[in-house]
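Dear colleague,

Please find below the structure that I am passing on to you.

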Amino acid sequence: MKNQVSRNPLVFNCQTLGKLAMGIGVLSITLYGCGSSGNKNTTANTVSKEVCLDSIKSLEAKLKTIQTPDISLYNRAIDAYTRYANNFPDDTMAAACLFDAANISMSLSQYQRAINFYDTVSTKYPNFKRAADCVFIRGFIYDDKLKDTAKARAMYQEVIDKYPHDTAIVTQARAAIAILGKSYDEIIKGFEEKNKSQKKA
């Protein structure tokens, strides 16, 4: 897969974000129903987590039966994710909760909300395994959805500067910058010309 991605910069964008949207049903409500007691008492927080884990099991079963998207349910899921992350910010699941909230927001075309979540994850949880993805996807949203090439370029460049050892995503960021602001026709024409020159060589 990595080899395919490095050959075609569009593969990452389309496939990764497509899978992101397709998997939203499973990812969306992992923590739905997790309430916040607002009590800083350790025992109360432990009980809340136990309640959340029970909710996860029952909701995952329900998610498998959903045939069509439920916008109201997805928004309630976002609220549940953020409640969990806000009440248990040091928990190992906090960053993943916000990442999933961002993914759901993006699937609902709530782009600015998604950007805010992705930004929080990469800033507050720099060691999160998907931190680089958060920056890249922000670039994609600015680029493809909000048509703000300046901010998109800044996000892609941030990927290159902050995550130089993540060669796969750095390659994608460089490829995204190379086609930034170009129409699909221009991109396709560029690929065709590049393929012709490679065949001649």
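This is a predicted model: local features need pLDDT of at least 70, side-chain atom pairs count only at pLDDT 80 or more; totals for chains, interfaces and linings use all residues.

Of its 201 residues, 42% count as buried. The accessible surface comes to about 11600 Å², and carbon and sulfur atoms make up 53% of that area. Among contacts with a separation of 6 or more, 60% are between residues 24 or more positions apart.

The largest nonpolar core contains 46 residues. Those with the most contacts inside this core are Ile-104, Met-106, Tyr-118, Ile-141 and Tyr-156. At least two core residues come from each of helix H5 (71–87), helix H6 (94–107), helix H7 (111–124), helix H8 (131–145), helix H9 (149–162) and helix H10 (167–178). In soluble globular proteins, nonpolar side chains tend to be buried together.

One further residue deserves a separate note. Arg-138 is located in helix H8. Is Arg-138 buried or exposed? Its relative accessible area is 8%, which is under the 20% cut-off, so Arg-138 counts as buried. Apart from neighbours within four places in sequence, Arg-138 is in contact with Ile-115, Tyr-118, Asp-119, Ser-122 and Met-155. One of these, Tyr-118, is also listed among the core residues with the most contacts.

With kind regards

Key:
Residues are numbered from 1 along each chain as its sequence is written. Side-chain values use heavy atoms; hydrogens and water are left out. Buried means under 20% relative accessible area, exposed over 50%, partly exposed in between (1.4 Å probe, protein chains only). Contact means heavy atoms within 4.5 Å. Accessible areas come from the Shrake-Rupley method with a 1.4 Å probe; for residues, only the protein chains shown count as cover. A nonpolar core is a set of buried Ala, Val, Leu, Ile, Met, Phe, Trp, Tyr and Cys residues joined through side-chain atoms within 4.5 Å. Helices (H or I, at least four residues) and strands (E, at least two) are DSSP runs, numbered from the N terminus.
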